[in-house]
Amino acid sequence: MRIIFFGTPEFAVASLQALVEAKLDVVAVVTAPDKPAGRGQQIQSSPVKAYAVSVGLPILQPAKLKDPAFLEELASYKADLQIIVAFRMLPEAVWNMPPKGTFNLHASLLPQYRGAAPIHWAVINGETETGITTFFLQHEIDTGDLLFQETEPISETDTTGELYERLMNKGGELVVKTTKAIESGDIHPRPQQEIDELKSAPKLDRSTGEVHWTRSGRDIVNLVRGMNPFPGAHTVFQGKNCKLVAVEFHPEIIPDLGVGVWDTDQKTFLRVGCSDGYINILEWQMEGKKRLKIEDFLRGYNFNF
């Protein structure tokens, strides 16, 4: 069965590698065009392209997915199946091309957390469980018939980065399982359930990570976990932007430590009041400075309380 793989970031590499190591017939890889990145704006390839080059796979990097030249080249590979992992939205001319269809790996238990950032939002919302899903593509994003799902617990201390690693590796295994099932005909696609309270996973922006101290301590901790390591939760301290790396919640109301009020002994703790207690800052990064444990930060900072 001839397979074309679509993907761009590190998350997709695990799935492509799993397909290659399972000796499934990946005949081409489609990934994002090279682009400038970093301070020097050097041209960089996607992680998927880097892996594809290392194993000698043909690579397609279309700027526009509806470009007739790209569609002609894609069709020339005569793929039976297409697999999508962390790639942009496809036009029907692409996903409807192979006879066995096109399936996607999504990092949630669909229909919950449809959208661009399912791992982040599961942590931000304090979920105790998430998972991965493979499903056939259709017109509306993340709504196609389900193939397989696997669950993954989320602990109270998990960050998005830690959960990302686990789902990435588990996803590679599920992509291989799904591919082999399609090849053998042992699949039973089922429509996604209609659920009244669907939780979405929209694209993150800077405002998503802004800490509002009027919120509950648990919500603030979950936001910091969910935005770690990227793009980061942030607040303003004495006129400077600070990226919060790790915090802890204390459900204790301290007199004179109101919501949004900061307090420190300038040696061992830096804390701020929230709606139902206070938050201890454990690790952060002040703008223009390196990431520090709070004890190290306190030793070198001149306060102006």
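The charged end of Arg271 sits over the ring of Tyr278, 5.2 Å from its centre (the rule asks for NZ of Lys or CZ of Arg within 6 Å of the ring centre and within 35 degrees of the ring normal). This is a predicted model, where local features need pLDDT of at least 70 and side-chain atom pairs count only at pLDDT 80 or more, while totals for chains, interfaces and linings use all residues. Residues are numbered from 1 along each chain as its sequence is written, and side-chain values use heavy atoms, leaving out hydrogens and water.

**Nonpolar cores**
- The largest nonpolar core holds 70 residues (buried Ala, Val, Leu, Ile, Met, Phe, Trp, Tyr and Cys joined through side-chain atoms within 4.5 Å).
- Helix H6, residues 160-184, gives this core its largest share, 8 residues (helices are DSSP runs of H or I, at least four residues, numbered from the N terminus).
- Another core, of 21 residues, lies apart from it and includes Val27 and Trp95.

**Aromatic rings**
- There are 9 aromatic pairs (rings of Phe, Tyr and Trp, using its six-membered ring, with centres within 6.5 Å; planes under 30 degrees apart are stacked, over 60 edge-to-face, the rest tilted).
- Phe11 and Tyr164 pair edge-to-face, with 5.3 Å between centres and 65° between planes.
- This pair links helix H1 (residues 10-21) to helix H6, across 153 residues.
- Phe11 counts as buried because its relative accessibility is 8%, whereas Tyr164, at 22%, counts as partly exposed (buried is under 20% relative accessible area, exposed over 50%, partly exposed in between, with a 1.4 Å probe and protein chains only).
- Ring pairs join Trp213, Phe237, Trp262, Trp284, Phe297 and Tyr301 into a cluster.

Technical notes: Helix = DSSP H or I, 4+ residues; strand = E, 2+ residues; numbered from the N terminus.
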